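User: Please go through the labels used for this model. I would like each one set against its cut-off.

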Amino acid sequence: MYDFERGKIRFIRGGKYPTCHSVFIDDEVRAVIDPASDEGKLLAIHCQRPIQVIINSHCHEDHFLFNSRFPDADLWVSRLEAAGFRDIDDFFDQFYESGDVDEETRAAWDTFFTEVVQYQPREPDRLLEDGEDLVFGETRARVLHTPGHSPGHLAFHFPEERALYLADLDLVKFGPYYGDKGSSIDDTIASLRRVAAIDVDVYLVAHGKEGVLDGDPAHIQRYLDVIYAREERLLALLASGPKNLDEITAAGIIYGGRSLADGAWELTLSERVMMGKHLQRLEGLGTVRQEDGLYHLVES
Ligand SMILES: [Zn+2]
C-alpha cells in the first residue's frame with residue numbers, strides 16, 4: 001500500500017504529470033500533504049477513517065489534483081498562495097504576464113483545468129507560515145517557507161522521524177523549475193541552501209521515480225549545481241556574440257529546444273521565462289548587459 005513508512009508518515013507515489021507523490025500522516029489527525037498521487041489509494045484511506053486535513057505545499061495543479069475529492073477536510077495552504085485556491089483567475093495569474101499568453105492558449109488551459117484537473121475554488125481553513133509547528137498527534141511537522149519554485153512554496157520537516165518533505169524542490173536530475181512569473185532563481189538557491197543545512201535521514205520529494213532519497217545534502221548540491229550549469233551554457237552562448245531573447249530561447253539550454261506541450265504547458269514558454277530570469281540575474285551580477293533587446297557578455 002505504501003512506498004515508504006516511518007513513524008506515522010506514509011509515502012504514496014504518484015506517476016506522471018499532473019500527479020505527484022503524497023505524504024500521508026496516519027495519526028490522530030489524519031492528514032495528506034499534496035493529495036495528487038494515487039486517487040484509489042487516497043480514497044481507500046479516506047474510507048477507513050476520514051482524512052481530516054489536506055495540505056498543499058504550493059498552488060500548482062499537480063499538487064492539488066485530488067483536493068476536490070475531500071470536500072469535508074480542512075484545507076491548509078501557504079498564506080502567500082491562498083488566492084490561487086480561491087479563484088481560478090488568481091490561479092492563472094501566478095504563471096505569466098497576461099500579454100504573454102494568447103487567447104487560444106488560455107482557452108486550452110480553461111478546458112484542461114475544468115475537465116482534467118477539475119479545479120474547484122475553495123476557501124482555505126488555515127494559512128501556513130514559516131516556522132509554524134503542525135501537530136497531528138505524535139507526529140509534528142515544522143513548516144518551512146522555501147520560495148523560489150513558487151513564491152509561497154512550503155517544505156515540511158518532521159524532526160522526530162528525521163524526514164524532510166521537499167515538495168517541488170524535487171531533487172530530480174532535470175534540475176529546479178523556476179518558470180512562473182513569481183519564480184525566483186535567487187530564492188531557489190537560498191531555499192536549497194537552507195534545507196541542505198537540516199540534518200535528516202530521509203528526503204521525500206514530490207516528483208521523480210522514487211521520491212525517497214537518503215538525507216545526504218550532496219543530493220541537494222547536485223540539484224543546485226544544475227542552476228549554475230545552465231548559467232554557464234548561457235554565458236557560453238553569449239560569448240559567441242550578442243543575442244536577443246528569441247535566439248536564446250531557441251538555443252534550448254534547458255529543454256534542448258523541444259517544442260513539446262507537457263499537459264497544458266508549452267515548454268518553449270517555460271524555456272523563455274527561465275532564460276529571462278537567468279539574464280536578469282546575470283545583469284544584476286554585472287556579467288551581462290542588455291542594449292536594444294540584445295544581451296551582451298560584459299568583458300571582465
Ligand atoms: Zn510546482
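Analyst: Buried means under 20% relative accessible area, exposed over 50%, and partly exposed in between (1.4 Å probe, protein chains only). The model is predicted: local features need pLDDT of at least 70 and side-chain atom pairs 80 or more, while totals for chains, interfaces and linings use all residues. Residues are numbered from 1 along each chain as its sequence is written, and side-chain values use heavy atoms, leaving out hydrogens and water.

User: What makes R13 and E210 a salt bridge?

Analyst: The term requires a side-chain nitrogen of Lys or Arg within 4 Å of a carboxyl oxygen of Asp or Glu. In this pair the closest N and O atoms are 3.3 Å apart, so R13 and E210 qualify. The pair links distant parts of the chain: R13 is in the loop between β2 and β3, and E210 is in the loop between β12 (202-204) and β13, 197 residues apart. E210, at 45%, is partly exposed. Strands and helices here are DSSP runs numbered from the N terminus (E, at least two residues, for strands; H or I, at least four, for helices).

User: How do you know that D26 and R10 form a salt bridge?

Analyst: Their closest N and O atoms are 4.0 Å apart, and the pair is counted as a salt bridge. D26 sits in strand β3 (residues 22-26) and R10 in strand β2 (residues 9-12), so the contact ties together parts that are 16 residues apart in sequence. D26 has 22% relative accessibility and counts as partly exposed, whereas R10, at 12%, counts as buried.

User: Which other salt bridges are there, and how many does the whole structure hold?

Analyst: A search of the whole structure finds 24 salt bridges. One of them joins the side chains of R86 and E123 at 3.0 Å, N to O. R86 lies in helix α3 (residues 83-86) and E123 in the loop between α5 (103-116) and β7 (126-128), 37 residues apart. R86 is partly exposed, with a relative accessible area of 36%. Shared partners also join E5, R10, D26 and R30 into one network of salt bridges.

User: What coordinates the zinc ion?

Analyst: The zinc ion is coordinated by H58 (NE2), H60 (ND1), H149 (NE2) and D168 (OD), at 2.1 Å. Donors are N, O and S atoms within 2.8 Å of the metal (3.2 Å for Na, K and Ca), and sites may look incomplete because water is not among the atoms. In sequence the donor residues are spaced H-x1-H-x88-H-x18-D. H60, in the loop between β5 (53-55) and α2 (61-64), and D168, in the loop between β11 (163-165) and α6 (185-196), are 108 residues apart.

User: Why is the arrangement around the zinc ion called irregular?

Analyst: Four donors are tetrahedral if all angles lie between 85 and 135 degrees; four are square planar, and six octahedral, if opposite donors are over 155 degrees apart and all others between 65 and 115; anything else is irregular. The 4 donor atoms around the zinc ion subtend angles of 90 to 172°, which makes the arrangement irregular.

User: Are H60 and D168 buried or exposed?

Analyst: H60 has a relative accessible area of 5% and is buried. D168 also has 5% and is buried.

User: What makes β10 and β11 paired strands?

Analyst: Pairing needs at least two DSSP bridges between two strands. Strand β10 (residues 154-158) and β11 have 3 bridges, in the antiparallel sense. The bridge partner of H157 in β11 is L164. The open sheet has 6 strands in the order β8-β9-β10-β11-β12-β13, with mixed pairing. Its edge strands, β8 (133-135) and β13 (212-214), each pair on one side only.
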